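Me: I would like to go through some of the terms used for this model and ask what each rests on. Please set the values against the definitions as we go.

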Amino acid sequence: MSLPTPVTGSRAVVTGASSGIGAALAEGLARRGHSLILVARRKDRLDALAERLRRAHGIEVEVRAVDLADREARATLCEELSTRTLTVLCNNAGYATYGDLADADAERERRQVELNCVAVHDLTLAVLPGMLSRASGAILITGSTAGNQPGPRNTTYAATKAFANTLAESLHGELTGTGVVCTLLAPGPVRTEYGEAAGVSNLDELVPAPLWVSAEDAAEAALNGLAAGRRRVVPGAFAKVQTVGGQYTPRGLVGPIMRMVYGRLR
Ligand SMILES: NC(=O)c1ccc[n+]([C@@H]2O[C@H](COP(=O)([O-])OP(=O)(O)OC[C@H]3O[C@@H](n4cnc5c(N)ncnc54)[C@H](OP(=O)(O)O)[C@@H]3O)[C@@H](O)[C@H]2O)c1
């Protein structure tokens, strides 16, 4: 299998395209000739990326400045996307929080669930009927190694990414033979604005520099995996070790280890 061939009027959608992995996914799709719909809240960033990609790749780029944690705004976008000819949907927007759940800002945690879980579900449901009727389409869901095991002091994020990981791999199984593919991107540490968005400044102290993956490498691995119809893409050696450790270490052991590790973040 390969990525659907772009045709006149078709679009690939990337959420969280204003920075990090999403911006790199947009770049990678543009290089492959896909015209784009870029989604995030920061319109200035999306406009700048759109202009750069139009000039560099001769593609069409539309911008949708949407808060995907807002149900009404999201519903409007989903309604539009359900009527468009989409080659690819990259469900990538997301953020994390760290610290004890009891001390957390409840609204920020709720929005995290809306963005990392409900929006991914809504957008996927919006585009699936069209892709299935055309027997052509590719859906990428950005989960995380954080979703492979309990994550005390990263509780909401770990739970949302367990949802994303399971949604992607389950849907991958359902779509066999339909012409539509769903692939999970489950990265470990990737150099982006992730730490800043999570409000922590010392992620570098937890993960030595050589173990970080660039957003470009993560995105390229994801798009190649999507094109190959893979179930799961885990970019980088460290993330692969994390994945095996997270899945096979007894939960009674891995929970306290994660609690200690996350307890060092500030
Ligand atoms: N970096 C890592 O180490 C890592 C590891 C595993 C998984 N991930 C996952 O990778 C994905 C991309 O994150 P990243 O690392 O590239 O971080 P990032 O640089 O912070 O990018 C996050 C993107 O999500 C968008 N976003 C956040 N809240 C949004 C909202 N309410 N509505 C619409 N868009 C929103 C942001 O745009 P605006 O602020 O402009 O809205 C931004 O474009 C996330 O799902 C993250 O959980 C990251």
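Me: Which helix supplies the largest share of the shell around the ligand?

Reply: The largest share comes from α1, with 3 residues, where a residue counts as near if its C-beta atom, placed from the backbone, lies within 6 Å of the molecule. α1 (20-31) and α6 (194-198) each supply at least two residues of this shell, helices being DSSP runs of H or I with at least four residues and strands runs of E with at least two, numbered from the N terminus. This is a predicted model, in which local features need pLDDT of at least 70 and side-chain atom pairs count only at pLDDT 80 or more, while totals for chains, interfaces and linings use all residues. Residues are numbered from 1 along each chain as its sequence is written.

Me: Which of the 28 residues around the ligand come nearest?

Reply: Gly16, Gly20, Arg41, Arg42 and Gly94 come nearest.

Me: Why is α1 called roughly parallel to α2?

Reply: The helices α1 and α2 (residues 43-57) pack at an angle of about 20 degrees, with their axes 10 Å apart. That makes α1 roughly parallel to α2, because angles under 35 degrees count as roughly parallel, over 145 as roughly antiparallel, 65 to 115 as roughly perpendicular and the rest as oblique. The contact, which asks for C-beta atoms, placed from the backbone, within 7 Å, involves Ala23, Ala26, Glu27, Ala30 and Arg31 of α1 and Leu49, Leu53 and His57 of α2.

Me: What makes α1 and α8 oblique to each other?

Reply: Between α1 and α8 (residues 215-227) the angle is about 55 degrees, and their axes are 8 Å apart. The two helices are therefore oblique to each other. Among the residues making this contact are Gly20, Ala24 and Gly28 of α1 and Ala215, Ala219 and Leu223 of α8.

Me: How do you know whether Arg153 is buried or exposed?

Reply: Arg153, in the loop between β5 (137-142) and α5 (155-174), has 20 C-beta neighbours inside 10 Å and so counts as buried, since the term asks for 20 or more other C-beta atoms within 10 Å of the residue's own, with exposed meaning 12 or fewer and partly exposed the range in between, C-beta atoms being placed from the backbone. Arg153 also has a positive phi of about 75 degrees although it is not a glycine.

Me: And why is Ala135 called exposed?

Reply: Ala135 has 11 other C-beta atoms within 10 Å and is therefore exposed. Ala135 lies in the loop between α4 (106-134) and β5, and its phi is near 50 degrees, a positive value in a residue other than glycine.

Terms used. Axes are lines fitted to C-alpha atoms, for helices over the stretch in contact, and angles run from 0 to 180 degrees between N-to-C directions. Two residues are in contact if their C-beta atoms, placed from the backbone, lie within 7 Å.
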